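Please read them with the sequence and the coordinates open beside you.

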Amino acid sequence: MSLDTSKWSGEGTFTHVLVDQLGRLDAVADVVVEDAPASRSEADYNFISNEVYVAFTTTPRTSRVLRFGFLPASKTVVEKAMTIAQLEAALTAIPEVGAPDYSDDGMLQYLRTERIIPPYQTRGYKLIELVRLYEVGAPRRS
């Protein structure tokens with residue numbers, strides 16, 4: 001698996017877990033992790049938003065076709081090893097990741113919250129992490 005984290009600050013515990021689990025799947029070829037522009041921090045909460053882009057491995061297959069309705073020919077068709085729905089099922093089966101909070105045919109979305117209480121009796125804050133996972137090269141909806 002090829003991993004690109006050049007546009008990611010490295011924040012987000014769940015994002016680290018998700019990227020590690022994606023690396024263990026054979027059907028995942030490339031992963032790109034980026035910070036989303038929605039990240040922000042206030043006194044009583046910290047909101048982290050990351051976007052993960054996944055490209056699946058492909059296998060070429062030769063298919064027989066008819067050109068002009070009567071000329072036999074062969075055509076090479078590239079098939080993906082996995083779809084977003086299959087990726088969702090594979091990640092749901094992993095206890096550290098679980099089921100996404102929202103999914104459709106082009107995206108998986110995970111939302112995790114955690115209460116952080118620093119030492120020395122200071123006031124704690126809530127850490128909210130939103131991770132959206134997209135397939136690279138998937139057709140966009142208009």
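**Notes on the predicted model**

1. The accessible surface of the chain comes to about 9200 Å², and 51% of this surface belongs to carbon and sulfur atoms; the areas come from the Shrake-Rupley method with a 1.4 Å probe, and for residues only the protein chains shown count as cover.

2. The model is predicted, with local features needing pLDDT of at least 70 and side-chain atom pairs counting only at pLDDT 80 or more, while totals for chains, interfaces and linings use all residues. Residues are numbered from 1 along each chain as its sequence is written, and side-chain values use heavy atoms, with hydrogens and water left out.

3. The chain has 2 helices and 9 strands, where helices (H or I, at least four residues) and strands (E, at least two) are DSSP runs numbered from the N terminus. Read from the N terminus, the order is β-α-β-β-β-β-β-α-β-β-β. The radius of gyration is 20 Å, well over the 14 Å that the globule rule gives for 142 residues, so the chain is more spread out than a compact globule; the radius is taken over C-alpha atoms, and the rule is 2.2 Å times the number of residues to the power 0.38. Along the principal axes, the C-alpha atoms fill a box of roughly 80 × 30 × 25 Å.

4. Of the 142 residues, 33% are buried (buried means under 20% relative accessible area, exposed over 50%, and partly exposed in between, with a 1.4 Å probe and protein chains only). Among contacts (heavy atoms within 4.5 Å) between residues at least 6 apart in sequence, 51% join residues at least 24 apart.

5. Valine 131, in strand 9, is buried at 0% relative accessibility. Beyond its neighbours within four places in sequence, valine 131 is in contact with residues including Phe14, Leu18, Val52 and Tyr110. Its C-alpha atom is 5.7 Å from that of glutamate 51, a residue 80 places away along the chain.

6. Glutamate 135 also deserves a look: this residue belongs to strand 9 (residues 125–135) and is buried, with a relative accessible area of 11%. Its side chain makes a polar contact with the side chain of lysine 80 at 2.6 Å (a pair of N or O atoms within 3.5 Å; within protein, one must be able to donate a hydrogen and the other to accept it, and residues adjacent in sequence count only if both atoms are side-chain atoms).

7. Phenylalanine 68 is found in the loop between strand 5 (58–67) and strand 6 (71–80). Its phi is near 60°, a positive value in a residue other than glycine, and phenylalanine 68 is exposed, with a relative accessible area of 71%.
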